[in-house]
Amino acid sequence: MNVIWRSFICSVRLRKEPHRCQSGNHPVAPLGSRILTDPARVFEHNMWDHMQWSKEAAAAARKKVEENSAVRVVQEEQVKYESEASKYWDTFYKTHKNKFFKNRNWLLREFPEILPVDQKTEEKKGELSWYPVETNTADCFSRMPEEKNHYEKSSGSSDGQSKGESVCPSLNSKEHRKGLLKTELFPGSNATFRILEVGCGAGNSVFPILNTLQNTPESFLYCCDFAPEAVELIKSHSSYRASQCSAFVHDVCDDGSPYPFPDGSLDVVLLIFVLSSIHPDRMQDAVNRLSKLLKPGGMLFFRDHGRYDITQLRFKQGRCLSENFYVRGDGTRAYFFTKGEVHRMFCKAGLDEKQNLVDRRLQVNRKKQVTMHRVWVQGKFQKPLH
């Protein structure tokens, strides 16, 4: 990591202001504006935005990944991690409850399209929760507001139904699902704007969104996870409103498991630190299924681990499942994406790319004088109108 840091110091001296790419060009992106131009000031803040790596730094990261992926997990164990994926995440939430991840108060800043048009206008007037959240400098592995160095997670099948709503019968019938929009027999059927978060965990996205939507009764939020414990944490939360939110258990990789709403009924789908915990061979089918849920013109928002993020470089030998796919000590898994992989996956699902960028930041622990390169991939994809 010293090589990466030295290379960064050299590169920052050669340029005044780094940039990030967004779908091939360089527009201003709302991912942060704290730019490090003087390396001597690096420990003045917890995070620096728009970091670009030198060729030497990138080469050092590639070498580290080659080393930690040289020894693979045996096939028998890989099968276990796949078949018991929901069990590992359920155990995680039984252990940590809702104390592990911070609320994603940055979410509406990055993806303002989550809100209905009228609500977006009101949010721009207020800007109440759009300020960056500082990280805990006492923790050497302190995380961004959106995710800890450990992980964020896989989605979670529909066991049901929000409180106070009637369950529609025979959800397994394809004909029934197609007719749901017409008969208005599903949760949120009266809403004019519908959002789904896949892999909702303990609600770190759910409740910031719900709090914003409380004055827009025409909006409805669905959230699912394949860890039953996570769904129960959401339903038992004091801010959970069954009149505007339906939390249910669902495995996004199980194509035979129905959603409690019909295809073509959603305005927004959120995939925030979710897809990375799914086996790479199953990702495309999961994205294809989610694409079908969107209305024409609906948006899918994605943010997840990027290739050569510090969390990938820290994996030890023997934790690699396959190329750029790892298992943690608690049995949960993580994949690290490139911008190209994200483009191919979502466009193959029939979505149009509106944003696809690599977010590179320098995370700082001022107390321990430690710096860490963070890499995330973020995208916005739209279902064509025709």
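Residues are numbered from 1 along each chain as its sequence is written, and side-chain values use heavy atoms, with hydrogens and water left out. Because the model is predicted, local features need pLDDT of at least 70 and side-chain atom pairs count only at pLDDT 80 or more, whereas totals for chains, interfaces and linings use all residues.

Helices (H or I, at least four residues) and strands (E, at least two) are DSSP runs numbered from the N terminus, and two strands pair if DSSP finds at least two bridges between them. An open sheet of 8 strands, with mixed pairing, has the order S1-S10-S11-S6-S5-S2-S3-S4; its edge strands, S1 (47–48) and S4 (245–249), each pair on one side only. Strand S2 (residues 193–198) pairs with strand S3 (residues 219–225) in the parallel sense over 6 bridges. Helix H8 (residues 206–213) packs on the sheet, where it touches S2, S3, S4 and strand S5 (266–272) (contact means heavy atoms within 4.5 Å). The direction of H8 makes about 170° with that of S3, where axes are lines fitted to C-alpha atoms, for helices over the stretch in contact, and angles run from 0 to 180 degrees between N-to-C directions.

In helix H12 (residues 339–348), the buried residues are Glu341, Val342, Met345 and Phe346 (buried means under 20% relative accessible area, exposed over 50% and partly exposed in between, with a 1.4 Å probe and protein chains only). These residues lie on the same side of H12 because they cover an arc of only 110° around the axis, the arc being that of the directions from the helix axis to the C-beta atoms. The face turned away from this buried side carries the exposed residues Arg344 and Lys348. The buried residues of H12 pack against several elements, including S5, H10 and S6.

A search of the whole structure finds 18 aromatic pairs, in which rings of Phe, Tyr and Trp (its six-membered ring) have centres within 6.5 Å, with planes under 30 degrees apart counted as stacked, over 60 as edge-to-face and the rest as tilted. Phe315 and Phe336 form an edge-to-face pair, at 6.3 Å centre to centre and with 75° between the planes. Phe315 lies in the loop between helix H11 (310–313) and strand S7 (320–322) and Phe336 in the loop between S9 and H12, so the pair ties together parts that are 21 residues apart in sequence. Phe336 counts as buried because its relative accessibility is 1%.
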